[in-house]
Structure formats: structure tokens, C-alpha cells
Amino acid sequence: EITKKQVRIIIENFQAKNISSPLNITLGQGISRGEKMDFIIQKSVELGVHTIAPIVTERSSFKLSDERQTNKLRHWQSIAIHASEQSGRCDIAQISTIQPLATWLNSQRGLCLVLDPNARNNLKHALEQSKQNNKIDAITLLIGPEGGLSADEIQLAVKYNFRPIKFGPRILRTETAGLAIVSVLQYLLGDVA
């Protein structure tokens with residue numbers, strides 16, 4: 001019905017469209033300086049990451065009061081909301097609380113991978129090894145901040161069943177590394193064709 005001041009419609013049929021990735025990816029990201037963290041959150045949400053965990057590591061230069069941390073988390077969640085909307089997602093990627101690495105490692109599940117430029121194995125090897133045991137439907141990635149993770153942090157991750165992997169011959173910037181590996185994982189196991 002259309003009148004001079006309004007339009008009235010009746011919806012007869014609704015078809016929900018779920019474009020959330022079937023691959024549940026958690027990105028543990030060493031907190032980076034400046035706008036790099038904003039960029040990482042925005043792009044990883046667009047690529048289908050379900051949860052982003054800001055991680056305080058040895059090389060993170062992140063020292064904020066509780067109030068400023070709360071504001072930063074609100075800001076990051078806002079970026080995730082806008083990126084979810086922009087990419088047409090029906091769900092909103094979650095930003096978890098800011099945590100020290102040791103605390104965060106204890107609660108991870110699925111195939112857990114940590115990028116390490118000195119690792120012997122690569123992503124292909126880790127996926128082949130994991131697929132032999134069971135279907136991969138959840139992956140947790142750990143990416144260091146600028147300067148990477150220390151050798152001690154990588155060893156700590158290994159204690160929590162993270163597999164160190166090398167992602168090619170070049171060392172990538174923190175804002176490139178997570179996005180590159182998420183893209184490859186979505187292509188191999190997710191919904192990117």
C-alpha cells in the first residue's frame with residue numbers, strides 16, 4: 001500500500017543467508033602499535049575470522065590503564081562490527097579481552113598453529129598431519145607483534161600443543177602474516193573459492 005506519507009508492505013517469505021565461514025578461526029594477535037591493530041582486525045573479520053584475541057607479549061609495547069584498555073576494546077569491537085556489516089556477515093566477529101600470552105594459550109582449541117620463521121614444518125605439513133587424525137573445523141593462529149614472538153614464547157606455545165610452522169621463505173610484517181595465512185586457510189579449508 002502506498003500513500004502520500006508512507007509505504008506499507010507485507011513480507012511473505014524470508015530466506016536467511018548465512019555466509020559465516022564454516023571454518024572457526026581464532027586469531028591470537030600480538031598487540032601492535034598505532035593503527036596496525038585496527039587494520040588487522042578489520043581485514044581478518046572480512047576474511048571470516050570468528051574471534052580475535054589481542055595478546056600482550058614480551059615485545060608488545062602495550063601499557064594502558066584499565067579504563068583505556070576498556071576503551072580500546074570498545075574501539076576494536078566497533079571495527080569488528082563495521083567490518084562484519086561491510087562484508088555481509090550475519091554474525092559479528094568477537095574481540096576477546098586483552099590477555100597475557102600465557103593466560104590465553106591455556107584456553108585454545110582445535111588445530112593450534114604459531115608462526116615461527118625458524119620452524120622446520122610448514123602449513124601444508126601441519127594440515128596433512130592433522131587431517132590424518134580428524135576433520136579440521138577449528139584453527140587457532142598465534143601471530144607475534146612487531147619484532148615477532150621470542151624463542152621462549154614460541155616454546156611456551158609448543159607446551160600448550162601449538163605447532164610451529166614456517167609460512168614461506170620471507171619474514172612477514174605482523175599486519176601481513178595473519179591475513180596471509182587466514183586467506184590460505186579459507187581457501188584450503190573454508191569457503192573461499
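Author: Let's start at Leu113. Skipping neighbours within four places in sequence, Leu113 is in contact (heavy atoms within 4.5 Å) with Leu123, Ala126, Ile139, Thr140, Leu141, Leu142, Phe162, Arg163 and Ile165. Keep in mind that this is a predicted model, where local features need pLDDT of at least 70, side-chain atom pairs count only at pLDDT 80 or more, and totals for chains, interfaces and linings use all residues. Residues are numbered from 1 along each chain as its sequence is written, and side-chain values use heavy atoms, with hydrogens and water left out.

Leu113 belongs to the largest nonpolar core, which has 36 residues. Such a core is a set of buried Ala, Val, Leu, Ile, Met, Phe, Trp, Tyr and Cys residues joined through side-chain atoms within 4.5 Å; buried means under 20% relative accessible area, exposed over 50%, and partly exposed in between, with a 1.4 Å probe and protein chains only. The members that touch the most others are Ile41, Trp76, Leu113, Ile139, Leu141 and Leu185. Two or more residues each come from β1 (24-30), α1, α2 (66-86), β5, α4 (123-133), β6 and α6. Those labels are DSSP runs numbered from the N terminus: helices are H or I with at least four residues, strands are E with at least two. A second, separate core holds 12 residues, including Cys112, Val114, Ala157 and Phe162.

Ala157 leads us to helix α5 (residues 151-159), where Glu153, Ile154 and Ala157 are buried. These three sit on the same side of α5 because they cover an arc of only 100 degrees around its axis, taken from the directions from the helix axis to the C-beta atoms. They pack against α3 (101-105), β5 (111-115) and β6 (138-143). Ala151, Asp152 and Lys159, on the other side of α5, are exposed.

Asn161 has a positive phi of about 70 degrees, even though it is not a glycine. Most residues other than glycine have a negative phi. With 64% relative accessibility, Asn161 counts as exposed.

On the α1 side, Lys36, Phe39, Ile40, Lys43 and Ser44 meet Thr174, Glu175 and Leu179 of α6.

Ile40 and Thr174 also turn up beside Gln29, which touches Met37, Ile40, Ala53, Pro54, Ile55, Ile143, Gly144 and Thr174, not counting residues up to four places away in sequence. Gln29 lies in strand β1 and counts as buried, at 0% relative accessibility.

Stepping back, the protein chain has 6 helices and 7 strands, and 42% of its 193 residues are buried. Among contacts between residues at least 6 apart in sequence, 82% join residues at least 24 apart.
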